[in-house]
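Reader: Could you take me through this model? I would like to begin with its surface and then turn to the strands.

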Amino acid sequence: MNFVSTYTTAVILGVLFGFFSRLIMLKTDYRQYPTYPHGRVIHISLGLIAAGLGSVAVPALLKQDYTAITFLGLAAQQFRDVRNMERNTLTELDKMELVPRGATYIEGIAMVFEGRNYLVIFTSFVTALASVLFTWKVGILVGTLALLIDKLFMGGKKLGDIVDIKHEEVRIDGPNIYVGDIYIMNIGLVDSREKIKEHALGFIITPKNKNSVATIANLGQRQAILHDVSTILGVYRDTGEPSLVPLAKRDLSTGRLGVFLLPQERDIQKAIEIIGKIPVLESAVRLPGETSVQGGEE
């Protein structure tokens with residue numbers, strides 16, 4: 001590589017590692033977002049731009065061309081606009097869902113897409129910097145470590161980490177519907193009660209600590225549970241049938257959550273696995289157990 005300048009080598013390596021980091025962080029899963037192929041093209045293109053910005057910033061700063069900071073600031077503004085775009089798009093799409101994601105879930109998805117572009121800038125920047133300060137081999141090593149960090153940030157807590165999940169029978173007592181001992185709702189129509197008796201599944205979600213109690217009490221986290229299970233297992237309902245809407249209700253005395261579902265596929269074990277793998281939404285996380293205030297005012 002003697003014929004290639006140090007800066008050019010650094011920029012090329014930075015772009016390659018930054019772009020690759022965006023590829024490994026881009027996954028179309030059961031939520032069908034980003035859509036394939038056009039949604040993926042948009043995010044891959046933005047990842048390439050972010051990789052270029054992070055890489056070029058290194059030689060610019062080392063040459064004391066501090067206008068590079070201005071370009072990074074403009075990039076941050078563009079990525080915030082991406083977050084707004086994702087939020088608006090998903091909010092409109094959510095109106096067409098039989099079981100919506102909910103605003104908290106949508107905000108979490110939008111936040112992730114913005115944050116991953118910053119991880120791309122970080123990866124390309126540290127790779128290029130290591131290549132300039134040391135050698136291209138060190139740059140490759142640092143880039144590989146940055147990819148591992150990116151993978152670490154991709155994974156957050158899952159619901160199974162903070163709660164215990166158990167199947168419970170859906171009990172019908174006259175017009176009242178229960179999951180175990182947790183009251184869900186009142187159904188007056190006999191036909192709806194017959195459908196519930198045939199298709200319903202119930203689960204009790206028990207929090208492991210005080211923080212978990214507050215987290216699963218969040219309405220957005222509850223809606224995420226209902227949406228993900230209904231997306232994967234299907235949902236036995238159509239528009240104009242409010243009595244067949246999946247619900248999650250709290251036991252106010254213990255903080256447990258009763259989950260009432262009407263899936264097309266009645267697979268109890270699969271449903272438990274799905275609930276356990278649902279992400280704990282950042283906006284839903286509460287940590288009352290970590291406060292230093294035990295009562296009264298300071």
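Author: Helix 5 (residues 136-154) supplies the largest share of the nonpolar patch, three residues. Helices (H or I, at least four residues) and strands (E, at least two) are DSSP runs, numbered from the N terminus. The model is predicted: local features need pLDDT of at least 70, side-chain atom pairs count only at pLDDT 80 or more, and totals for chains, interfaces and linings use all residues. Residues are numbered from 1 along each chain as its sequence is written, and side-chain values use heavy atoms, with hydrogens and water left out.

Reader: Which residues form the nonpolar patch on the surface?

Author: Phe 122, Ile 149, Leu 152 and Phe 153, with about 410 Å² of accessible area together. Accessible areas come from the Shrake-Rupley method with a 1.4 Å probe, and for residues only the protein chains shown count as cover. Like charges are joined within 9 Å, nonpolar side chains (Val, Leu, Ile, Met, Phe, Trp, Tyr) within 5 Å.

Reader: Where is Phe 122 found?

Author: Phe 122 is in helix 4 (residues 103-133). Its relative accessible area is 34%, so Phe 122 is partly exposed (between buried, under 20%, and exposed, over 50%; 1.4 Å probe, protein chains only).

Reader: Now the strands. What does strand 2 join?

Author: Strand 2 (residues 170-173) runs antiparallel to strand 3 (residues 176-179), with four bridges between them; two strands pair if DSSP finds at least two bridges between them. Arg 171 stands opposite Tyr 178 of strand 3. Two residues separate these strands in a hairpin, and Gly 174 in the turn has a positive phi of about 65°.

Reader: What is the bridge partner of Tyr 178 in strand 4?

Author: That partner is Tyr 183. Strand 4 (residues 182-186) pairs with strand 3 in the antiparallel sense over four bridges. In their hairpin, Gly 180 takes a positive phi near 60°.

Reader: What is the order of the open sheet of four strands?

Author: The order is 1-5-7-6, with antiparallel pairing. Strand 1 (163-168) and strand 6 (247-250) each have a single partner strand, so one side of each is left without a neighbour in the sheet.

Reader: How many bridges join strand 1 to strand 5?

Author: Six bridges join strand 1 to strand 5 (residues 201-207), and the two run antiparallel. Val 163 stands opposite Pro 207 in strand 5.

Note on methods. Patches are made of residues with over 30% relative accessible area and no salt bridge: like charges are joined within 9 Å, nonpolar side chains (Val, Leu, Ile, Met, Phe, Trp, Tyr) within 5 Å. A salt bridge is a side-chain nitrogen of Lys or Arg within 4 Å of a carboxyl oxygen of Asp or Glu.
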